[in-house]
Amino acid sequence: MQKPTTIKQRLRLSNILSLIVPLAVCIVVALACAAVFLFQLRGGLDLEISDAEDMVALGRMVSEASGAVLESGVEQAALDEIAQSVAGSGAILQVYGEDGSVLYSSGTASLESELLASARTLDDTDGVLVSSAGTSLYLHQEGSYDVALFGHYAEVRGHVLKRAFAISFSIVVAAAAFTILLLDRVSKHLVLDRIVERLDELQEGVSRIAQGDLSFRLPEGHEDEFSPICHDFNTMADALMKADERSEANARSRQELIAGISHDLRSPLTSIQGYVEGLLDGIAKTPERERRYLETIDRKAQELSHLVSELFLFSKLDLDDYPASIEEGNLSSAASSILKNTREGDTAESIMIEEDLETPVLCRFDRKLLFRCISNVVGNAQKYAPGATLHISATTTADGAVLELADNGPGVAPETLPHLFDVFFRTDPARQHPESGSGLGLAVVARAMQRMNGRAEAAKTPGGGLTIRLTFPKF
């Protein structure tokens, strides 16, 4: 028989046993009761099965005992004791003298005179048995006395049956108690112990998670009704652990963000403060130098404004609080229009832009966020790959629309590719060259693409350089 695994199977087995065990016990009890009746009827009072023989056997036993008492001259109390011994069988003891007078009687029997007359007409010194209208008489001569035992067969056998019933009832009670105890143990082993065991596991799991042990997992090897709960518990624990890891990562990112903001704000502010102090102290003594100082202050102020704008946009996107207006449009046309505004810059930082945007590519995007994505990628190429060529193309793929911006500049190390979209990440880890940018540009691109339900990816350009691939949802 296959071992039950689920609680439902265990309950089913328990129910089957609840039917089979009582049935088996009933059969055993019935056989035991039958044995008790047979024993009582055949041997319990030394009687045989026949009613007449039962009466004769009882009468002979009482007659012999009474005869012994009468011959010894014992008082009436001895006869009372004998009569009391057969009273439970419904029999009445009477003793007659030679003249027929009643010397002792334990009660008045019905049909007494008729049965006596009938018995005395019979010549049987071993004792005679006569019956009439359900009443029986056993008459036996003991010396000079006649000992008579009046009774009914049903009454004689009633005592036997009462004893048999009492013993049988005791057997039934004992069998019922045994059956209840057995079924209780079986049900406890099959069902309750299993439920308690699984509940204890769940309680331990909840306690361990509450104590901060997010690595604790419940065993899932058992295939029962608790398995989905254990699986969901482990899934929850996995989610909590990942959330805790994300929380720690976010905490580190916030620390890095604060450190990065502090560093990148300090540099232009220091420059502005220095040039303002130079103006106030009269160091710029000529109009040309004074103008150069003012232009530097203006440029640093624009850097501060751009950095604050990037920080504000990043925060809004990171908190999913940016009110995007996503609409359907031609990605090629929108990108070409945006590029017209991003070709300006110093000759030292300028790059060559090649467009492959003639084929219409339809998708869904937010025009302001698209502008910020393209301008940030172009600005990144201007800072890190001056003099390079940036090739921009738009295509339609199975995943959606793809805007690819690939330059042939120096590129980045392969190990830094996965981190290009991290906030404040720069290939200059020591941040010794703040003029290269804050490191927010590509982080804003990644958040903006997520807000438009797209994604940003970085890859190495074949032949050298860096490729930024922006994927938009299908039209």
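Me: Taking contact as heavy atoms within 4.5 Å, which residues is Thr467 in contact with, leaving aside neighbours within four places in sequence?
Reply: Glu404, Leu405, Ala406, Glu457, Ala458, Ala459, Lys460 and Thr461. This is a predicted model, where local features need pLDDT of at least 70 and side-chain atom pairs pLDDT 80 or more, while totals for chains, interfaces and linings use all residues. Residues are numbered from 1 along each chain as its sequence is written, and side-chain values use heavy atoms, without hydrogens or water.

Me: Where is Thr467 found?
Reply: In strand 12. Strands are DSSP E runs of at least two residues and helices are H or I runs of at least four, both numbered from the N terminus.

Me: Buried or exposed?
Reply: Thr467 is buried, because its relative accessible area is 4%. The cut-offs are under 20% for buried and over 50% for exposed, with partly exposed in between (1.4 Å probe, protein chains only).

Me: What does the Thr467 side chain have a polar contact with?
Reply: The side chain of Thr461, at 2.5 Å. A polar contact is a pair of N or O atoms within 3.5 Å; within protein, one must be able to donate a hydrogen and the other to accept it, and residues adjacent in sequence count only if both atoms are side-chain atoms.

Me: Zooming out, how many helices and strands are there?
Reply: 10 helices and 12 strands. The protein has 475 residues, and 38% of them count as buried.

Me: Which residues touch the most other members of the largest nonpolar core?
Reply: Leu331, Leu370, Leu403, Leu470 and Phe472, in a core of 47 residues. Such a core is a set of buried Ala, Val, Leu, Ile, Met, Phe, Trp, Tyr and Cys residues joined through side-chain atoms within 4.5 Å. Elements that each supply at least two of its residues include helix 7 (287-318), helix 9 (367-384) and strand 12 (466-472).

Me: What does Leu331 touch, not counting residues up to four places away?
Reply: Among others, Val361, Cys363, Phe365, Leu370, Leu403 and Phe472. There is also a second, separate core of 17 residues, with Met55, Val69, Tyr138 and Leu149 among them.

Me: Changing topic, what is phi of Leu111?
Reply: Near 60°, a positive value in a residue other than glycine. Leu111 is in the loop between strand 2 (102-105) and helix 4 (112-120), and is partly exposed at 27% relative accessible area.

Me: And where does Asn453 lie?
Reply: In the loop between helix 10 and strand 11 (455-460). Asn453 has a positive phi of about 65° although it is not a glycine, and counts as exposed because its relative accessibility is 62%.

Notes. Contact = heavy atoms within 4.5 Å.
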